Amino acid sequence: MEISHSSLSSDVYLVALNGALNARSAEDAKQTFRDLSNKGATQVIVDLAGVPFIDSSGLAALVSGLKTFGGDAKNLRLAAPQSQAKLLFELTMFDRVFQIYESVSAAQEAE
Amino acid sequence: MINIELLLQQRPDLFDNLAARWHTATEGELILLSNSGQIIKGYNGTHALDSIIQQGQSGEMYVKPAANAIITPMLVHGERKGYLLSCNSLESQLPMLSWAADILLDHLNSEQALQGMTDELIVAWDQLELVYRITQTLGEHSNLSNVLHSTLEEITKVVTVELAFILYGYNGRLNCVLAGEEGVDPAILTNQVLLDSLATFNQLTVFNNREPVLDVWPDAPSNLYNFIGAPIITDGSVVVGLGLINNHKQHLPHDFTAGHGKLITSVCEQIGAIFDYFTLQDDLIAQERLRRELEIAAQIQESLLPGKLPDTPGLKIDVTTLPAYEVGGDFYDFVENDANQITAIIGDVAGKGIPAAMVTSMIRTMLRVEASRNQEPHAIIQQAHQALYEDLSRADLFVTAFVATLDANTNALMYANAGHVPAIIYHSNAKTPRLLKATSLPIGVTHQITDQVTQYVHVSPGDTLVIYSDGVFEATNAEGEQFGIEGIQDLVSQYADSTTPAELKDIILDRLSSFSDSKSRADDLTLAIIKFTPQTVIDQAARKGDTLRTLPFTYKADTIHLDDICTTVTNACRDLRNLVDQTVEDDFIYLVELAMSEIFTNIIEHAYKNIEGNITGSLELMNTGIEINVYDQGEGFNPNAVPPPISNPLDPSEGGYGLHIVRQIMDVAHYEVDTPLGNHWRLIKYLPE
């Protein structure tokens with residue numbers, strides 16, 4: 001999995017994931033969230049447009065990130081999930097935990 | 001004391017007869033004189049009394065010499081009451097005159113005695129009549145204060161008195177009823193000190209001046225002239241005293257007498273009986289009112305319960321509510337959201353009778369409306385709370401509620417518990433019951449309900465949700481022990497797998513009734529059981545369908561291969577698309593990929609514990625779907641040991657979902673340790689029919 005990030009403002013970062021988010025890539029994702037938090041980020045938008053597959057290990061990475069940013073769903077927003085990711089969120093009822101947006105710009109504009 | 005003048009006014013014939021006979025016998029003329037020589041009776045004007053009698057030094061009267069008259073004193077017990085004078089009489093006739101005086105006195109004495117007896121008779125008659133009229137007033141008035149008022153009016157007619165009052169304390173309130181003098185402020189009589197004094201009198205007490213009254217009634221009016229105070233004996237619950245007062249009108253000469261005392265004493269007995277009658281009637285009315293109220297409350301409650309249970313594929317439901325003797329506020333409801341989803345609501349309004357029943361109808365309607373708009377249990381509770389908080393806190397009532405949304409399609413259970421007793425979710429695979437405890441305070445307790453939000457529980461077909469009211473576990477036996485939540489949990493663990501909800505409900509109710517010692521329940525009892533049931537029963541051992549192609553695989557147990565495994569599955573499913581005459585949806589592929597990813601991750605992390613090993617097996621493409629067999633030589637485990645996590649969205653659990661997801665999405669997910677090829681996962685997902 002490729003993980004890249006860019007800052008949207010001084011404390012808001014965009015994290016773009018590319019590839020399957022599973023037991024193999026979960027640790028990298030978690031580390032990315034921790035690093036950004038250490039750099040002073042208080043909010044991230046996770047762009048899932050490049051993630052064709054997420055399993056429960058990948059889900060755990062997102063939950064870990066959520067907690068890294070204080071447990072408030074506002075601070076780890078998910079953007080543009082593919083249909084497989086949506087299906088997993090629904091199955092696990094995490095669609096009710098995360099704030100999920102159709103696009104990065106929608107996530108950015110939301111309150 | 002004899003009063004000759006007064007008696008002769010009433011019976012002049014007593015003297016007149018004597019004088020006539022005296023005249024016939026002696027030709028003398030009888031004259032009755034007072035002690036001072038004034039004529040009382042008998043003088044016909046023919047004699048000049050001055051020339052006949054004169055007063056001596058010591059004050060006694062005697063006849064002048066040669067007056068041709070005789071005189072004798074009228075003596076009662078040696079006391080002179082007057083004189084009897086006879087003109088035209090001789091000295092020799094004096095003994096006869098003295099005899100005539102004795103006769104007259106005897107007559108007068110008898111008359112006085114007779115009058116005394118008559119007076120007593122009249123008093124007795126007055127008493128009887130008064131008591132009769134008092135009992136009559138009972139029939140004429142339906143309220144105590146009217147009866148008492150009429151009674152007092154009767155008393156003031158019979159005893160000439162300015163003011164009569166009855167003071168009584170009942171249910172902690174002091175009341176005064178009065179009759180008589182206009183313009184008296186009852187406030188000065190409505191006096192606890194006075195009532196306490198009256199009630200502690202042993203008997204009726206008569207005061208004929210103000211001074212001694214002050215001992216019992218320090219605030220007595222300054223112009224009080226005389227006073228009768230009496231306790232009234234009742235059967236206990238009421239403290240009553242009677243008072244009769246004459247105030248400033250000194251021209252009323254009557255001191256109260258013993259006769260008044262007698263009369264009032266018997267009246268007091270009647271008044272006591274009136275109080276007993278009314279308190280008894282009050283008790284009866286209160287009982288009847290309560291009984292009626294309970295009846296209405298029971299009707300309201302019954303009319304609120306849903307007529308039929310929802311018929312939701314994938315859910316089997318049974319519910320019972322048994323109202324207690326004293327109707328409480330248990331309620332339940334099921335709202336069908338869509339074909340496979342319902343919201344179950346069980347609640348308990350703290351309070352009894354009609355107020356609780358009214359609130360029950362309100363809260364139930366509110367929850368129902370909210371449940372049909374929103375499937376999020378905490379939001380449902382919060383909305384109802386916001387709408388009803390003011391009303392509830394005004395009525396000093398609160399409501400506990402367990403709200404659960406159950407989805408048979410996704411095997412999901414969401415709940416919020418506003419101060420209700422914990423519900424039980426029994427996980428069939430793990431054979432474990434778990435308590436779904438309160439997530440917030442009851443509805444109506446504090447202004448804001450902002451505790452935990454909706455909790456999510458992942459369930460599997462076969463799992464059972466048991467929701468109940470406190471009447472269930474609070475059932476007590478003869479030793480005073482409660483049946484307890486543990487008691488219910490034990491029964492659920494023991495029977496949930498092998499019974500339908502209706503059977504489980506009957507078992508719990510049977511055990512409860514044989515456990516409980518009392519015939520009537522102290523509280524309502526509501527018990528709802530919902531079982532997630534597979535919509536199509538799939539035999540985990542068998543499989544339907546013929547193998548069209550077998551794709552064996554071998555991978556190193558390393559997460560580095562997870563992407564490859566997913567690709568393999570995707571490709572196999574694409575092949576399946578070509579092999580069967582049916583579309584294979586993307587979602588089908590996603591779910592099989594997901595199951596494989598979870599199983600592989602599980603084997604790598606838990607069977608091999610990240611140490612080197614192989615994962616082998618095969619994908620079998622069938623005309624009905626796909627079967628996957630996966631083998632490892634790592635450590636076996638019991639996949640049922642751990643129930644799925646209950647997630648709190650505010651603090652979600654990171655792990656523990658994997659195997660649960662596999663069970664949730666595959667039609668067959670069977671695990672066996674130590675088969676000849678190693679630990680064996682057998683997964684099947686059928687194509688939709």
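Student: What should I know about the model and its numbering before reading it?

Tutor: The model is predicted, so local features need pLDDT of at least 70 and side-chain atom pairs count only at pLDDT 80 or more, while totals for chains, interfaces and linings use all residues. Residues are numbered from 1 along each chain as its sequence is written, chains are lettered from A and ligands numbered from 1 in the order in which they are written, and side-chain values use heavy atoms, with hydrogens and water left out.

Student: How many residues of chain B are in contact with chain A, and what area do the chains bury between them?

Tutor: The size of an interface is often given as the accessible area lost when the parts come together. Here chain B and chain A bury about 2500 Å², 64% of it on carbon and sulfur atoms, where the area is the loss for a 1.4 Å probe, summed over both parts. In contact (heavy atoms within 4.5 Å) are 31 residues of chain B and 26 residues of chain A.

Student: Which elements of chain B give two or more residues to the side that touches chain A?

Tutor: They are strands S16 (412–418) and S19 (455–458) together with helices H14 (562–579), H15 (586–607) and H16 (658–665) of chain B, helices being DSSP runs of H or I with at least four residues and strands runs of E with at least two, numbered from the N terminus. The largest share, 9 residues, comes from H15(B).

Student: How are H3(A) and H16(B) oriented to each other?

Tutor: Axes are lines fitted to C-alpha atoms, for helices over the stretch in contact, and angles run from 0 to 180 degrees between N-to-C directions. The axes of H3 (residues 83–92) of chain A and H16(B) come within 11 Å and cross at roughly 100°, so the two helices are roughly perpendicular (65 to 115 degrees). A:Leu88, A:Leu91 and A:Thr92 meet B:Ile661, B:Gln664 and B:Ile665 there.

Student: How do H1(A) and H2(A) pack, and which residues make the contact?

Tutor: H1 (residues 26–38) and H2 (residues 56–68) of chain A pack at about 10°, with their axes 8 Å apart, and are therefore roughly parallel (under 35 degrees). Among the residues of the contact are A:Phe33 and A:Arg34 of H1(A) and A:Leu62 and A:Gly65 of H2(A).

Notes
Buried area is the accessible area (1.4 Å probe) that two parts lose on being put together, summed over both. Angles under 35 degrees count as roughly parallel, over 145 as roughly antiparallel, 65 to 115 as roughly perpendicular and the rest as oblique.
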